[in-house]
Number of protein chains: 2
Amino acid sequence: MKARVESVSAAPSIVLVRPQLGENIGFAARAMANFGLADLRLVAPRDGWPSDKAEAAAAGASHVVDGARVYATVEEAIAKLNYVLATTARPRGMVKPVLSPERAALELRRRSLLGESTGVLFGPERSGLDNDTIALADAILTAPVNPDFASLSLPQAVLLVAYEWLKSEGATISLGRGTSFDRPAAEGIDHDGARPATREELFALFAHLEGELDRAGFLSPPEKRSSMVRNIRNMFHRMGATEQDVRTWRGIVAALSRVRRAKGDKVS
Amino acid sequence: MKARVESVSAAPSIVLVRPQLGENIGFAARAMANFGLADLRLVAPRDGWPSDKAEAAAAGASHVVDGARVYATVEEAIAKLNYVLATTARPRGMVKPVLSPERAALELRRRSLLGESTGVLFGPERSGLDNDTIALADAILTAPVNPDFASLSLPQAVLLVAYEWLKSEGATISLGRGTSFDRPAAEGIDHDGARPATREELFALFAHLEGELDRAGFLSPPEKRSSMVRNIRNMFHRMGATEQDVRTWRGIVAALSRVRRAKGDKVS
């Protein structure tokens, strides 16, 4: 049932990661409704769910609040999505495409027209998304702001993304292949009919590869492990992997590590 | 003094007409600061001025709140302005130009470059601007919204206008020609200073990886080898690898295949 809903839903999912205030969830839901978005996902909302404060702040957008789904982890929330953006106040030194809200909306439109399911991640009010979560996304979405006062609130950030999504509606006609948009390198990949990998398939590949690399002693010293893992994951996200690509990589990892596994992992 | 400030101020004034809630004035001030606006004017705020609630909601944008000027009537608030827009949820059957936020921002830019002082009127939360007030404006500003849920909140409306104002900054040279101006400075893949890999470095990686895969028997049968190799190489090209990425992959390939090499490639 969930898969069916996602497969027909053209509009991106809005994923609030560990939101703190129920009011902000409600304001975000209202902004979504204003611009025609409906699929709200909450990852571990701090004050629990459902929330009376969210309901009140939604000011009539109760269909969005009532339809919200709650997940324990970001990975679960985006498992079935094909293309995921992470919102940050500014790029965090990760090698990922960086899109403005307007350009992001065009890319979300383009992918949704190709049948992909998409989502946008928003971090907690105080801290924003952490680097490990950003590493799960295909690209970074950053709004142009006044550098002297850059702190967009959570519902404001959702509003801008939703607004640009609705604005991009009129652009759908010219969003087929080979349009004139001046895209970053990882955008506009022609998958030639192949289905893009889901997040779930990518996560399984990451677990496989990182498990083998741990056994090989590659992801050390421990204090560097998380940044090494992020870099490797970012490379996969940037390549825009198809399901076939993921199968190929699973095969590569298995082939390369076959002997070591057979030897009982006795690697110095 | 007031006239002098207005004559040199390029950014539009934000004029809130009979705003009801102090919080909304504060949220609007924050949105203004986020996008580089500073001149806030209040016409007969319902709960008086100054407002502790506005100060709290401004979340650091106190320069905007503290600098706000209060007027008894709309006419006084806009007396010195050259060009005024009125925001409404939808056109009210008046014969006036109707502009989207994006187009409005371009027009505000154009006029400010010509030395005109400009402003945007926003109505009370509950009712919006009345027709007599709208009649004072040069044109109507209407945001595209979901017709089934069209009620933008006051601070949301201010946010969209301020956002489009900042976006229009890069458009000043070629105003009105529909150029692409929405980029954050860092749009494109952010390599964080890392040098993109040379083809030579990539080719060395390919040779290393493909050599190991041949030894592991992965690139078989022979008639499929060349298409498998192409697919793998394409994935690396798509990721836009840096020199550091290539080093990481060399390390991954070496780590995964370490034992097999030590054993003299005796793999079945």
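Visitor: Which residues have the most contacts inside the largest nonpolar core?

Guide: Leu16(A), Leu40(A), Leu16(B) and Leu40(B) have the most contacts inside that core, which has 84 residues. A nonpolar core here is a set of buried Ala, Val, Leu, Ile, Met, Phe, Trp, Tyr and Cys residues joined through side-chain atoms within 4.5 Å, where buried means under 20% relative accessible area, exposed means over 50%, and partly exposed lies in between (1.4 Å probe, protein chains only). This is a predicted model, in which local features need pLDDT of at least 70 and side-chain atom pairs count only at pLDDT 80 or more, while totals for chains, interfaces and linings use all residues. Residues are numbered from 1 along each chain as its sequence is written, chains are lettered from A and ligands numbered from 1 in the order in which they are written, and side-chain values use heavy atoms, with hydrogens and water left out.

Visitor: What does Leu40(B) touch?

Guide: Not counting residues up to four places away in sequence, Leu40(B) is in contact with residues including Ile14(B), Leu16(B), Ile25(B), Met32(B) and Val64(B), contact being heavy atoms within 4.5 Å. A second, separate core has 62 residues, among them Tyr71(A), Phe203(A), Leu213(A) and Phe218(B).

Visitor: OK, on to the two chains. How many residues are in contact there?

Guide: On the chain B side 65 residues are in contact with 71 residues of chain A. The two chains bury about 5,800 Å² between them, with 65% of it on carbon and sulfur atoms; buried area is the accessible area (1.4 Å probe) that two parts lose on being put together, summed over both. In chain B, the residues that lose the most area to chain A are Phe149(B), Arg238(B) and Leu256(B), together 13% of what that side buries.

Visitor: And how many salt bridges between them?

Guide: There are 5 salt bridges between chain B and chain A, each being a side-chain nitrogen of Lys or Arg within 4 Å of a carboxyl oxygen of Asp or Glu. Arg238(A) and Asp245(B) meet in a salt bridge through their side chains, at 2.9 Å from N to O.

Visitor: What about the whole structure, how many salt bridges over all chains?

Guide: Over all chains the structure holds 34 salt bridges. One of them joins the side chains of Arg230(A) and Asp132(A), again at 2.9 Å, N to O.

Visitor: Where do those two lie?

Guide: Arg230(A) lies in helix H10 (residues 222–239) of chain A and Asp132(A) in helix H7 (residues 131–134) of chain A, so the pair ties together parts that are 98 residues apart in sequence. Helices (H or I, at least four residues) and strands (E, at least two) are DSSP runs, numbered from the N terminus. Arg230(A) is buried at 17% relative accessible area, whereas Asp132(A) is partly exposed at 42%.

Visitor: Switching to Gln20(A), is that buried or exposed?

Guide: Gln20(A) counts as buried, at 18% relative accessibility, and is found in the loop between strand S1 (13–17) and helix H2 (22–34) of chain A.

Visitor: Last one, what about Asp66(B), buried or exposed?

Guide: Asp66(B) is exposed, with a relative accessible area of 56%, and belongs to helix H4 (residues 62–66) of chain B. Between Asp66(B) and Glu243(B) there are 51 Å in space, C-alpha to C-alpha, and the two are 177 residues apart in sequence.
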